[in-house]
Structure formats: C-alpha cells, structure tokens
Amino acid sequence: MNLETSPPPAETLGVLETAALLRELTAGLIGVEDFDAALSALARITRDALAGVSWCGFTALRAGEPAGVAASDAPLAGLDDLSYGPDTPAMEAIRRREMVGAENLDAESRWPDWTPRARELGVHGVISAPVDIDEQVIGAVNLYAGESDVLSTGHQLTAMLLAEHAGLLLAAVRERERRAALVGEQDAALLADGVIGHAVGVIMTQRGCPAEDALEVLRSAASSLSIPLREVAERLVSTVSRPRDN
C-alpha cells in the first residue's frame, strides 16, 4: 500500500518552530538567577531559533534602576537602548502596550532618528512586542530582519507568544535573583556573628574552601545533628580551642 506524503503547510511549520523556541527558552532560562544574563540568553536563543530573524534585542525599563538592554549581536545593541528617546519601536510598544512593527524600514517614516541608524546597521524590518514581567519591570522584545518584507504575520504571532512566555520566565528569574540576594544578606549576617564567623574560618583553613562553602558545611552539620547552627559553631570552636595534651 502506497501512502503519498506531502510537506506540512507553512502554518504548521510556524507552529512547530514557535513551540521549539519556547522550549529552548524554558531550558535556557530555568536555572538563571541574573536578570541581565537572562535577557542576553533570550536574545541569542530567539535569534538562532527563528527563520527570517537576523537579530534580536530586548529593552527593559526597571523602576528606580537603569534600563536593561540586551542584544544578540553587540553592534546592534544601541537600537534597543534609550538613546533615541521615546521614538523607537521598542518604546512605542511599551508605551502603547501593543505590538508594533514595520516590514520595510526603507519606506518607514516613523521613528525619524532611530530608523536611519537601523538601516545603516543593515536592519530592514522590525517587530517589537511588549513584555510584562512584574510590578517593577516592563519591556519589549525586538525582532530584526536583514531583508525587507521578510517578517510575516507568522512572525507577529510568534512575537506575541514569545512576549507572553518571556514575561513568565523573566519574572521567575527576578524572583530567583531576589531570593539569592536575600540569602546573601543572611549569609553576611551569619558571617558577622563572632562564633559562626570563627567556625567558618576554621573550616576554610582545614578544607581550603571559600566562606560560602564553609558556611554550607556548618549548615549541613546542623541539619544532620538537628541542632542550631550557632551551637554547631560553638562546639567546633571549642574543640579547636581546647589545649592539646602534651
């Protein structure tokens, strides 16, 4: 029995491509604790995963903090920052809270300062989609094409799904970043404690390890013995301070 096969329609390929991108983003960002590193990874993964997209950038506005910018390729980083003011695709997308774009920048009259520079860098098409991250951070993911009329409605749909997924992933990164900072503050407070700091110093000397690892050794011992961390530290300091019998 002969079964005739035919290639799947372009729409199906677009769905599969988008699904693959979202999986790659999840895998690439799931363990990241640094927000700026996550933005850079997102830009690189997106550029590599989407046909027709030559470069990718991200513009992030953070309350009370400097703007965050990431680019898949360093020469184009300036297109995603705030040096052109509000008249850029990214800032318009953030301001209007909706996707904006241009299939052919050679015929584009919007963004009068930004567009000529984009064309000089070889960008001839753009899609910017707003990304909601958390109460403190909003942004836009920016897809750039090196040729005119390459970015299609399929790319627009992908940009919408990408923005939604990226918002969830980046919110999780922000939360991990906050937790890591809190743990760091707690560790600093513990190391400032005389007895615990002394015990950490003993372990560092014995094992040749950094303070963070030495503190983890104390925590592990406290957990195994089911006694407070400070008591473990006191016992260790008492033991090493005890005069040796001649």
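Analyst: The largest nonpolar core of this predicted model has 34 residues, where such a core is a set of buried Ala, Val, Leu, Ile, Met, Phe, Trp, Tyr and Cys residues joined through side-chain atoms within 4.5 Å, and buried means under 20% relative accessible area with a 1.4 Å probe, protein chains only. Leu-29, Leu-42, Phe-58, Val-141, Leu-143 and Leu-170 have the most contacts inside this core. At least two residues each come from α1 (10-29), α2, β1, β4, β5 and α5 (153-192), and α2 gives the most, with eight residues; helices (H or I, at least four residues) and strands (E, at least two) are DSSP runs numbered from the N terminus.

Leaving aside residues up to four places away in sequence, Leu-143 touches, among others, Trp-55, Ile-127, His-155 and Leu-162, contact being heavy atoms within 4.5 Å.

The sheet is open, with five strands in the order β2-β1-β5-β4-β3 and antiparallel pairing, two strands being paired if DSSP finds at least two bridges between them. Because β2 (68-71) and β3 (100-102) each have a single partner strand, one side of each is left without a neighbour in the sheet.

Helix α2 (residues 35-49) lies across β1 (55-62), β2 and β5, running at about 155° to β1, with axes fitted to C-alpha atoms, for helices over the stretch in contact, and angles from 0 to 180 degrees between N-to-C directions.

Residues are numbered from 1 along each chain as its sequence is written. Local features need pLDDT of at least 70 and side-chain atom pairs count only at pLDDT 80 or more, whereas totals for chains, interfaces and linings use all residues, and side-chain values use heavy atoms, with hydrogens and water left out.

Definitions and conventions: Buried means under 20% relative accessible area, exposed over 50%, partly exposed in between (1.4 Å probe, protein chains only).
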